[in-house]
Amino acid sequence: MNGFTLVFATLAIAYGWGWWRLKRGSREWPLWRLVVFWLSALAIIAVMSPPSMHWAHRDFRGHMVVHLVAGMIAPLGLVMAAPVSLALKNVPVHWGRRWVGFVSLPPIRVLSHPVTAALLNIGGMMVLYLTDLYATMLHSPGFALWLHWHFIIAGCLFSWAIAGPDPAPKRPALEWRFGVLVASMAVHAMLSKWMYRFHFPASVPIDQVRQGAELMFYAGELPEALLVYLLARQWMRSRYRETPASMAS
């Protein structure tokens with residue numbers, strides 16, 4: 001059992017226990033959130049298993065599959081399952097106040113700002129694929145381990161900063177978050193095209209680079225489209241809440 005299996009299996013069990021505890025106390029929590037969290041945790045465990053990691057190490061296409069699942073698709077599912085909200089429903093009220101105080105700290109607010117989250121997420125990809133760091137990663141197990149954790153955490157942070165349902169005081173306006181998302185989507189698409197056209201990473205056979213870049217371009221659109229949908233739904237809900245008040249006035 002590797003570290004990824006231990007961490008995400010533990011998180012899945014903890015989430016299930018929280019869901020069961022609420023249900024036992026006649027307090028509802030959507031079943032679909034439980035299913036999404038479990039599937040996302042299972043996806044990370046699967047792509048971080050030794051067979052998948054071996055494939056990713058010797059084939060850039062395998063690496064890209066691991067990156068897309070662990071860095072984009074699964075983090076979105078983990079965030080949309082609202083694990084913090086579930087946890088806060090299972091703990092005393094003062095823990096909720098502590099969470100609000102924690103996420104309101106200036107360093108946390110800077111770290112969780114959509115621009116910072118986008119820089120950590122898409123910026124990390126650009127540094128990895130447009131420099132010699134990818135070749136370095138292949139020969140440094142410690143660096144590879146750190147990098148995988150970085151992409152998982154950065155993917156979760158970006159999804160939460162853009163459209164996460166968990167509480168985040170003083171979150172930027174929807175229009176601002178949508179602008180950051182659109183810019184991030186454009187840079188992501190541009191990066192994949194650069195990789196395809198100019199052969200990045202240069203240490204990888206060009207056929208693998210091109211097929212990996214195509215995977216990055218097309219499969220990466222799925223989580224991005226879901227984020228657009230979630231933001232649009234939040235915008236519609238905010239407009240719906242504002243309409244009765246404006247009509248009454």
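Modeller: Happy to! One term before we start: contact means heavy atoms within 4.5 Å. Also keep in mind that this is a predicted model.

Biologist: Good. Which residues does histidine 67 touch, not counting residues up to four places away in sequence?

Modeller: Histidine 67 touches Met72, Met125, Tyr129 and Phe151. Histidine 67 itself lies in helix H4.

Biologist: And is histidine 67 buried or exposed?

Modeller: Histidine 67 counts as buried, because its relative accessibility is 5% and the cut-off for buried is under 20%.

Biologist: How far is histidine 67 from histidine 148 in space?

Modeller: The two are 8.0 Å apart, C-alpha to C-alpha, while in sequence they are 81 residues apart. Histidine 148 sits in helix H10 and is buried too, with a relative accessible area of 11%. Leaving out residues up to four places away in sequence, histidine 148 touches Phe4, Met48, Met53 and Val66.

Biologist: Where does H8 bend?

Modeller: At glycine 123, by about 30 degrees.

Biologist: And what span should its 16 residues have?

Modeller: Helix H8 covers residues 114-129, so at 1.5 Å a residue it should span 22 Å. Its end C-alpha atoms are 22 Å apart, which agrees.

Biologist: Switching topic: what does leucine 22 contact, leaving aside its neighbours within four places in sequence?

Modeller: Leucine 22 is in contact with Arg27, Trp29, Leu86, Lys89 and Asn90. Its place is in helix H1, residues 3-24, and it counts as buried because its relative accessibility is 3%.

Biologist: How many residues apart in sequence are leucine 22 and leucine 86?

Modeller: They are 64 residues apart in sequence, and their C-alpha atoms are 8.7 Å apart in space.

Biologist: Last one, about leucine 42: buried or exposed?

Modeller: Exposed, because its relative accessibility is 52% and the cut-off for exposed is over 50%. Leucine 42 lies in helix H2, residues 31-47.

Conventions. Residues numbered from 1 in each chain as written. Predicted model: local features only at pLDDT ≥ 70, side-chain atom pairs only at ≥ 80, totals over all residues. Heavy atoms only, no water. Helix = DSSP H or I, 4+ residues; strand = E, 2+ residues; numbered from the N terminus. Buried < 20%, exposed > 50% of the residue type's maximum accessible area, 1.4 Å probe, protein only. Expected span 1.5 Å × (residues − 1). Bend = angle between axes of the 7 residues up to and from the residue.
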